[in-house]
Amino acid sequence: MIKHFKLTSGLLCREADLVCREIIPYQEKILEDAVPGAARSHAIDNFRNAAYLNRHKEKAKGGEFYGQVFQDSDVAKWIESAAYSLLIKPDKALEKRIDALCDIIAEAQEEDGYLDTYFTLVRPTEKFKNLLEGHELYCAGHMIEAAVALYEATGSRKLLNVAEKNADLIHRHFITDGAEGYPGHPEIELALMRLYRITGNEKHKEAAEHFINTRGIDPDFYVKEAKNRDWKIWGNNPNNREYQQSHLPVREQEVAKGHAVRALYLYTAMADIAIATKESRLSQACFKLFDNIVNRQMYITGGIGTTKTGEAFSTDYDLPNDTAYCETCASVALVFFASRLLKLKRSGLFADVMERAVFNTILAGIELDGKKFFYVNPSEIIPGVSGVIVTHIHDLPERFKWHSCACCPPNAARLFTSIAKYAWDIEDGVLYSNIFAGGELTLSDVSIDVETAYPFGNTVKYTVKSGGTRLGIHIPRFALSSYRVSAAGEFKDGYYYVDVKAGDVITLSFDMIPCVNRCNRKVASNSGKAAITVGPIVYCAEGADNDGEVFSFTLNGSAELKLDLVTPAKIGGFSDAANDLGQIYTVTATGTELVCDDPDALYFTDGYREKKKQIKLIPYFMWGNRGLGQMRVWLPVK
């Protein structure tokens, strides 16, 4: 769908344009270490240094590797987002720079197809000997994805040839030659499936299945691997089987465990293979894992991964707000997983989760100007504590220019430049509209214009310009009791099906009202609290709108919530970068402020006095754009 849907209006259009206009050029400078004050990347120079070594059989002066062991993946994800951006905003100069970068990468590839600058420059005799920590297969996966994206966008095979050569080496090493092992950080599996779908080469599918099928069969593989080498990268514990999802064979896994991004990349690949093989046992494992995540381990914002320790899932119903991890990458991976599950079972639940993650956690990971980013996305910020004390050091109250572990910024960028493939898909002759976005869809058998201000509007209008099809329109869960469609059709499992032809205008409308969300009582952090949503958007209270204080407020759960459609300028405090958001919803809630005679007293017996107060809430994705201050998603309620 990436080539066939052109965004023309609305929030997703704004974000895709921001990526093209600001984020891609900014990240290109970052990768070249050309942004003053930002953390050093050196990622492109790593490829240059590896290329020099391959040409001259000796290192260049100063030609060392710098950065994380997976630094190559930053470059790959940038190429992927930049490639897709060319379909949104053609740019010949950018296309030439991508092509030149591909030349450098091709020169960095070794003769046998091996491609990883860390091992080429640092440990040339230790390849594939530390799958637990080495990230070789992870980096290979991201480069394969970049190559597929560039081929899809431009038709260029330059990087695709590199990727196929590397994939052939991986197949030869692990299948033909029978080397043991599977990646410590899954990614190669889903990438090989993308490569398989583009090329039709069965070897790539076979390799992907191999890694899925062998994972967890020998849960002690990493323990044995560690005993066979005398070096480490980080000192990952090979005995922590749940951390790397090797505690059980994948078909026996029912509870999401370990590092959240690794888990969701693995589950995405499992779903991909289930789609290709139609294996019910693998499909059922995917459904069980998704159910566990969404119904026991997902934040209301679509964030996943509770704890800083291992960037991981913790246990069911453990969802602390002020120490939440919720890595941006994890929510991006959740979108990948949910989108694949739509191919296994057409259910609105999967589309609901996609848009919850996209419109909240992933959007929040990017400053409104596109030049600062969050790695971690908490649900509560306490100035002086968040990002300061050791237990909260990861929950930064303000976004950073770049991060030494920079996986999230390019991951979010590639998602928004490829959002068309999540908004739309085709299956069994039905055209599905999964996430509402204003734009023009042009296929060989049908052309449809979509007009909507969603998620800051309550109508979606589909105008069929030519051709005809069966259209499946996702009805979000929040709208199930209020939606209205202008044409007769059939509702099933979260989708409304209607046959359309040239000249038809199908209008979907629904109520956009603020909703008070309660939480399962097993979630101790949210006991006696409520969160406000409007449509798919989660709202939060920031000190900037509430005289600096949000923690003393208690919501009146029975009072009316006031919804306003305003511009960021009217809210106040936002930079000019927020202006192109257009009109957004804010919510004003009524409740009480707790007041005491001595605000500095730690304990007292006099009790609080209650003062009637209103509190303003803004979309969660907009928080942290007006300087340091308090922030809270879950409010005490009575």
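A cavity is a set of grid points where a 1.4 Å probe fits but cannot get out. In this predicted model, the structure holds five such cavities of 30 Å³ or more, and the largest cavity has a volume of about 50 Å³. Its lining is formed by Asn 130, Leu 131, Gly 134, His 135, Glu 136, Leu 137 and Tyr 138, together with Pro 183, Gly 184 and His 185; by residue class, this lining comprises four nonpolar, five polar and one charged.

Helix H8, spanning residues 188-199, and helix H9, spanning residues 202-214, have axes that come within 8 Å and cross at roughly 160°. Because angles over 145 degrees count as roughly antiparallel, H8 is described as roughly antiparallel to H9, and the crossing of the two helices is left-handed. On the side of H8, the contact involves Ile 188, Glu 189, Leu 192, Met 193, Leu 195, Tyr 196 and Thr 199, which meet Glu 202, His 204, Lys 205, Ala 207, Ala 208, Phe 211 and Ile 212 in H9. The residues of this contact divide into nine nonpolar, two polar and three charged.

Two features of the backbone were also noted. Most residues other than glycine have a negative phi, and most peptide bonds are trans. In the loop between helix H1 (11-31) and helix H2 (43-56) lies Asp 33, a residue other than glycine whose phi has a positive value, near 55°. The peptide bond from Tyr 454 to Pro 455 is cis, with omega near 10°, and Pro 455 is placed in the loop between strand E6 (446-452) and strand E7 (459-474).

Key
Residues are numbered from 1 along each chain as its sequence is written. This is a predicted model: local features need pLDDT of at least 70, side-chain atom pairs count only at pLDDT 80 or more; totals for chains, interfaces and linings use all residues. Side-chain values use heavy atoms; hydrogens and water are left out. Axes are lines fitted to C-alpha atoms, for helices over the stretch in contact, and angles run from 0 to 180 degrees between N-to-C directions. Helices (H or I, at least four residues) and strands (E, at least two) are DSSP runs, numbered from the N terminus. Angles under 35 degrees count as roughly parallel, over 145 as roughly antiparallel, 65 to 115 as roughly perpendicular and the rest as oblique. A crossing is left-handed if the near helix is turned anticlockwise from the far one by less than a right angle, and right-handed if clockwise. Contact means heavy atoms within 4.5 Å. Ala, Val, Leu, Ile, Met, Phe, Trp, Tyr, Cys and Pro count as nonpolar, Asp, Glu, Lys and Arg as charged, and the others, Gly among them, as polar. On a 1 Å grid over the protein atoms alone, a cavity is a set of points where a 1.4 Å probe fits but cannot get out, and a pocket is an open set with protein on both sides within 12 Å along at least five of seven lines; lining residues have an atom within 4 Å of a point. Grid points are joined across faces, edges and corners, and a volume is the space filled by probe spheres set on the points.
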